[in-house]
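Thanks for coming. I will take a few minutes to walk through one protein chain for those who have not seen it before.

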Amino acid sequence: RGPALPPSVTRLSPSGPIEGAFPWFTMGEGLDAAGIHVVTSRFALDQGNQAHVVNRHMLLLRHVSLPSMATQGKDLLWVIFIDRTLPAPAVRELQELVAPYPRFVLARVKAPGEPVVNLPVRSLLRALGLWEQ
């Protein structure tokens with residue numbers, strides 16, 4: 001384990017460890033290595049106080065992004081970042097939308113523009129409590 005990261009991000013869902021096989025894949029036949037596909041999205045960061053923006057993002061996520069990501073298979077982890085500007089009803093709606101997908105993680109950054117959304121994958125997974133080594 002490396003040094004603990006500052007708590008720049010809070011995982012909102014799912015709580016606890018991700019059930020089932022984690023989406024690691026082998027890097028190639030005969031190689032002693034594994035990889036992971038991580039997709040990150042920023043959901044209306046620093047725009048949560050603009051209802052029309054949030055509504056449009058929610059429609060896009062519900063009807064395009066979520067169905068598309070759900071069909072991508074089991075070999076990926078999707079982290080959707082939100083921030084404190086997003087109203088509680090929108091946060092609850094997002095939590096409900098991702099609830100059926102244990103590898104889709106909703107995470108709140110402490111401040112708009114927080115560089116955590118650009119962390120290396122290992123650091124991001126550690127901050128979300130998903131990397132144990």
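Where in the chain is the place of Asp-46? Asp-46 sits in the loop between β3 and α1. Please keep in mind throughout that what you see is a predicted model.

I start with that loop for its backbone. Asp-46 is not a glycine, yet its phi is positive, at about 60°. Ala-44 is also a non-glycine residue with a positive phi, in this case near 50°. The place of Ala-44 is again the loop between β3, residues 34-42, and α1.

Now the overall layout. The protein chain contains 3 helices and 5 strands. Read from the N terminus, the order is β-β-β-α-β-α-β-α. The protein chain has 133 residues, and 36% of them count as buried. Take the contacts between residues at least 6 apart in sequence: 75% of these join residues at least 24 apart.

Next, the part of the chain around β4 and β5. Strand β4 covers residues 76-82, and it is joined to β5 by 5 bridges, with the two strands running parallel. Helix α2, residues 88-98, belongs with them: β4, α2 and β5 make up a β-α-β unit, and that unit is right-handed. Strand β5 covers residues 104-109 and is mostly covered, with 5 of its 6 residues buried.

Across these two strands, which residue of β5 does Trp-78 stand opposite? Trp-78 faces Phe-104. That brings me to the aromatic rings. A pair of such rings is described by how far apart the centres are and by the angle of the planes. The count of aromatic pairs here is 2. One of them is Trp-78 with Phe-104, an edge-to-face pair at 5.0 Å centre to centre and 80° between the planes. Trp-78 lies in strand β4 and Phe-104 in strand β5, so this pair ties together parts that are 26 residues apart in sequence.

Are these two residues buried or exposed? Trp-78 has a relative accessibility of 2% and therefore counts as buried. Phe-104 is buried as well, with a relative accessible area of 5%. Phe-104 also pairs with Tyr-101; those rings are stacked, at 4.9 Å centre to centre and with 20° between the planes. Tyr-101 counts as partly exposed, because its relative accessibility is 28%, and the cut-off for buried is under 20%. Taken as a group, Trp-78, Tyr-101 and Phe-104 form one aromatic cluster.

Last, the helices. Two packed helices are described by the angle between their axes and by the distance between those axes. Helix α1, residues 51-70, packs with α2 at an angle of about 0°, and the axes are 12 Å apart. The two helices are therefore roughly parallel. Which residues make the contact? From α1 they are Val-54, Met-58, Leu-61, Arg-62 and Leu-66. From α2 they are Ala-90, Glu-93, Leu-94 and Leu-97.

To go back over the main points: α2 packs with α1, and α2 is also part of the right-handed unit with β4 and β5.

How values were computed. Residues numbered from 1 in each chain as written. Predicted model: local features only at pLDDT ≥ 70, side-chain atom pairs only at ≥ 80, totals over all residues. Heavy atoms only, no water. Buried < 20%, exposed > 50% of the residue type's maximum accessible area, 1.4 Å probe, protein only. Helix = DSSP H or I, 4+ residues; strand = E, 2+ residues; numbered from the N terminus. Pairing = 2+ DSSP bridges. Right-handed = clockwise from strand over helix to strand, strands pointing away. Phe/Tyr/Trp six-rings, centres within 6.5 Å; stacked < 30°, edge-to-face > 60°. Axes fitted to C-alpha atoms, helices over the stretch in contact; angles between N-to-C directions. Parallel < 35°, antiparallel > 145°, perpendicular 65-115°, else oblique. Contact = heavy atoms within 4.5 Å.
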